[in-house]
Amino acid sequence: MPETPIIGSIMINAEDAQSLAGFWSRLLGVGIAVDHGTFIWLTPQRDGAASVAFQQVPDPTPGRRRLHLDLHVDDMDAAVARILELGGSHLEDHEIEGFAWKVMADPEGNEFCIVTHG
């Protein structure tokens, strides 16, 4: 039986990897684990969890992002305020059968969603 791969990191292309790593580090409350300048990995939020990482690229990814993070939060309004304070933006609100989420973006336009626990 082949070995089952595990997610080690979620890589985000960035025009400014240092700046973007700083945004996500502050938002997620973690430090920088490895910094190779053009490749930066954040410390995972807990043992065994995947880390978020950044790769410096010359051009942004065109169109709607094909990869995004879903972040679980306790207080939607507080999370939105924190993201905006850090330089992110609020893009859209969605709801399907009582399940609601907000589409946000980091300072370079990489989209991610926030949803309350439950």
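Helices (H or I, at least four residues) and strands (E, at least two) are DSSP runs numbered from the N terminus.

I note that this is a predicted model, in which local features need pLDDT of at least 70 and side-chain atom pairs count only at pLDDT 80 or more, while totals for chains, interfaces and linings use all residues. Residues are numbered from 1 along each chain as its sequence is written, and side-chain values use heavy atoms, leaving out hydrogens and water.

Next I traced the sheet, which is open and mixed in its pairing, with four strands in the order S1-S4-S3-S2; two strands pair if DSSP finds at least two bridges between them. Strand S1 (9-14) and strand S2 (32-35) are the edge strands, each pairing on one side only, and the twist averages 20° from one strand to the next.

I then followed S4, which runs parallel to S1 with six bridges joining them, and there Gln56 is the bridge partner of Ala14. S3 (residues 39-42) and S4 (residues 51-56) pair in the antiparallel sense over three bridges, and Ile40 stands opposite Phe54 in S4.

Methods. Axes are lines fitted to C-alpha atoms, for helices over the stretch in contact, and angles run from 0 to 180 degrees between N-to-C directions.
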